[in-house]
Amino acid sequence: MKRYILIAAAALTLVSCNKWLTEDGPMVNRVSDFFTSAETATQVVTAVYTPMMWEYQNGYFPEWYFGDIASDDALKGGQNVADGPDLYDIDNFKVVSNNGIILQFYRAQYQGIARANLALEQVPAMATDEVFTPALQARLVGEASFLRAFYYFRLVRLFGGVPMPTSPVYSSADWIQPRASVEDVYTQIFADLTAAEASLPLKSAYPAADLGRATKGAAQAMLLKTHLYYAQWLERNGKAAEAAAEYTAALTWGNKFLTDQAAEYTLCPNFYDNFTLEGENGPESVFEIQYMVDGMSDYGEGNGFSRGTFTVKLIRSRGGAFGESGWGFNHPTQNLYDEFEAGDPRRDETIYAPSDAQITNAAEELYLGNKYLSRKRAILDRTTMSYVHLDHDSRGPINNIQIRLADVYLMIAEAAVECNNALLAKTYLEMVRARARGGAAILPAFPYGSYSDNLADLRDAIRHERRVELAMEGHRWFDLCRWGTVKQVMDAYKASESADIRAEMADFTAGKHELMPIPQEEAKLGSLEQNPNYS
């Protein structure tokens, strides 16, 4: 009250000082007023993680819709071909720019970016004290930097160049931004990840309650991954010298990971332990999206109403043979099933082939004649072979592994091939195959089968290994696109499929289908140039 009496008195005397005219009025808050404690800073950065969890708004949009179903690894599934028309289009190269899945996925990433931008503007400016220490401040800034890079990487590999705000948008005059180039987006990703790597702690430095936060190892793995992707983009665009430098950078980060993280990560002795509730954030996990038991659902509500994942329900069998039923999406293909070498135990740990007796409603459980089910993240009790009960009928607690050590080893092997280091490539390819074979006389070391001992065949062997090791984990489509083999592979896959499946598929168009269209609503709102050959 005293303040406003003084202001009124000043006005009546008509003094020349007019500072009071620019002061905030009552009920006006500044953003900086909120950032006053360690608890606030931690909560704001924790909120940056949340959009990674989102899978439902006006429809479902988990990233594996693209990574698995767009590829030769999986069919859409569901009740029938009409169940989920937007996903049907993704499965069959019929996507148009008003696809609802693409719109919601795109917007979720920008929600994450907006939250990261706010944290990166405000947290570094906060005063430190005995609770909000410089070390905590640096860690939180590192987490926000890592997450912004993560969201931009998700966007650039799916859409190409995208608008790239790097600070909060406080006015309508600032929110319309042009698409940045692919080069500029990767430059920002590298800058964010490098800053994050310098300030993030090792995984072992976090208390158990904070497992799942970004770590130094995750930043190094992402630097390996993003430099590898960018190298292959440059190579596809005829920039061989620049690509060679990026392959070298990828391998440098891979080697740094091997040195710095030697005591932090190990391959799980049993491959399937990565995909159990008990194995979450385990010794092989480098970065995973955290989910938990939650009795609520996002269905009918939208983003942020649940901390569980829809994926469990989406991929479980529609039949009753496994106790609880699901919605039957993401059917592994026959092509993927046949990719596994004879005796490879990963096939049956990845793909479940129900017997005739286990198919209780063939009209809904078979999708265009395909009966295969995805096992990873379905939470199947391996003793009873029944699905583990969910606290909510549509939501499950299992995490989504984004990066695990086997993936890192295979990326190191890839980068080593491109840097003409066959010995290093063979070493890390063999480590993944050795874990898979266990003590059995299967899966021989490279060269094996039809492969000869040369770099071209070694490259093919590593690509085969990525497919079978990481099958149904959302990697395949992005691998095919970055390798530049997607047209060749998808044409061959289509030719190998049944007549019923081929009848649903459009042809893959080179120069178009490597990217998804910019969502129509966003293109109109921001006057954004559309990707080639989309309207």
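Helices (H or I, at least four residues) and strands (E, at least two) are DSSP runs, numbered from the N terminus. The close-ups below come from a predicted model, in which local features need pLDDT of at least 70 and side-chain atom pairs count only at pLDDT 80 or more, while totals for chains, interfaces and linings use all residues. Residues are numbered from 1 along each chain as its sequence is written, and side-chain values use heavy atoms, with hydrogens and water left out.

**View 1. Helix α16 and the glycine that follows.** Let's start with α16, which covers residues 422–437. Its 16 residues reach 22 Å from first C-alpha to last, close to the 22 Å expected at 1.5 Å a residue (the expected span is 1.5 Å times one less than the number of residues). Just after α16 comes G438, with a positive phi of about 65°. The buried residues of α16 (under 20% relative accessible area, with a 1.4 Å probe and protein chains only) include L424, Y428, V432 and R435. Among the elements covering the buried residues of α16 are α10 (240–260), α15 (405–418) and α17 (455–469), where contact means heavy atoms within 4.5 Å.

**View 2. F146 in the largest nonpolar core.** Here you can look into a core of 147 residues, a set of buried Ala, Val, Leu, Ile, Met, Phe, Trp, Tyr and Cys residues joined through side-chain atoms within 4.5 Å. F146, F159, I189 and V408 have the most contacts inside this core, and α7 gives the most to it, with 14 residues. Not counting residues up to four places away in sequence, the partners of F146 include L193, L200, M222 and F287.

**View 3. The largest cavity.** This cavity holds about 340 Å³ of space. On a 1 Å grid over the protein atoms alone, a cavity is a set of points where a 1.4 Å probe fits but cannot get out, and lining residues have an atom within 4 Å of a point. Grid points are joined across faces, edges and corners, and a volume is the space filled by probe spheres set on the points. Of the 30 lining residues, N400, I401, Q402, E473 and G474 are the closest to the centre.

**View 4. G77 in strand β1.** What is the relative accessible area of G77? G77 sits in β1 (residues 74–77) and is buried, at 0%. Leaving aside neighbours within four places in sequence, G77 is in contact with D83, G328, F329, N330, H331 and Y367. R318 is 241 residues from G77 in sequence and 9.9 Å away in space, C-alpha to C-alpha.

Definitions and conventions. 1 Å grid on protein atoms, 1.4 Å probe; cavity = no way out; pocket = protein on both sides within 12 Å on 5 of 7 lines; lining within 4 Å. Buried < 20%, exposed > 50% of the residue type's maximum accessible area, 1.4 Å probe, protein only.
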